[in-house]
Amino acid sequence: MHAETLQSLCERSGGILLTKDIVSAGVPSSYLTAFLRDGKLERVGHGVYITPDVLEDKMFTLQARKNRLIYSHDTALFLHDLTDRDPLTYSVTVPTGYNTKRLTEEGLSVFSIKPDLYGMGITTAQSPFGRPIRAYDAERTLCDMLRSRHQMDGALFPEALKRYVRRKNKNIPLLMRYAESLRIDKLLRQYLEVSL
């Protein structure tokens, strides 16, 4: 019975399982251990397992393991199709006070922001494998790129802003509200005057 439940979870989840899903389905850990031993599942990170036929979705599994990180900056630009550059390392944002040591050891570019600004503009994007991940929306991402302009490739922001203003679904009032909250509204206005 529990083996069938675990097999069904594997099929429904597209081959990526989280420990919390297994526990909430009431499957004892001994069945997970048996699936691992028999090669039906493989552990790819703390609390994250995949079936052998699935390519690991690093963005999805990373966020499943570290649920406070939000994809941001150049990584979010890529997710929102505001750049053609595939990120070599993932940029993530966490609230100030979060221990970033392990994240930087894993090769991530980590940004910290005050907790009251951390939640602003979080949306659901799709990983390159089509799985749901949390990233900042396009407007917040542009603001973050401008705020961190001295730490990022200088060519990324102007090109991304040009792409953004050509979109039908752009939201300039929202972009400006974020810019005011992040105290870069005067600087952003200068860039927008050139782009619009």
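Mentor: A charge sits over a ring if NZ of Lys or CZ of Arg is within 6 Å of the ring centre and within 35 degrees of the ring normal. Before using that: this is a predicted model, where local features need pLDDT of at least 70 and side-chain atom pairs count only at pLDDT 80 or more, while totals for chains, interfaces and linings use all residues. Residues are numbered from 1 along each chain as its sequence is written, and side-chain values use heavy atoms, with hydrogens and water left out.

Trainee: Which ring does Arg131 lie over?

Mentor: Arg131 lies over the face of Phe60, at 6.0 Å from the ring centre. Another case is Lys40, placed over the face of Phe35 at 4.8 Å from the ring centre.

Trainee: Now rings with rings. How many aromatic pairs does the structure hold?

Mentor: It holds 2 aromatic pairs. Rings of Phe, Tyr and Trp (its six-membered ring) pair if their centres lie within 6.5 Å; planes under 30 degrees apart count as stacked, over 60 as edge-to-face and the rest as tilted. Tyr71 and Tyr90 have ring centres 5.9 Å apart and planes at 80°, so they are edge-to-face.

Trainee: Where in the chain are Tyr71 and Tyr90?

Mentor: Tyr71 is in strand S4 (residues 70-71), and Tyr90 is in the loop between helix H5 (73-79) and strand S5 (91-95); the two are 19 residues apart, and the pair links distant parts of the chain. Helices (H or I, at least four residues) and strands (E, at least two) are DSSP runs, numbered from the N terminus.

Trainee: Is Tyr71 buried or exposed?

Mentor: Tyr71 is buried, because its relative accessible area is 0%. Buried means under 20% relative accessible area, exposed over 50%, and partly exposed in between (1.4 Å probe, protein chains only). Tyr90, at 23%, is therefore partly exposed.

Trainee: And what about Phe157 and Tyr191?

Mentor: Phe157 and Tyr191 form an edge-to-face pair, 4.9 Å centre to centre with 85° between the planes. Phe157 lies in helix H9 (residues 156-165) and Tyr191 in helix H11 (residues 185-195), so the pair ties together parts 34 residues apart in sequence. Phe157 is buried at 5%, and Tyr191 is partly exposed at 30%.

Trainee: Changing topic to the backbone: what is the phi of His73?

Mentor: His73 has a positive phi of about 50°, although it is not a glycine. His73 is in helix H5 and is buried, with a relative accessible area of 3%.

Trainee: Where is Arg183?

Mentor: Arg183 is in the loop between helix H10 (172-181) and H11. Arg183 has a positive phi of about 60°, and is not a glycine. Its relative accessible area is 75%, so Arg183 is exposed.
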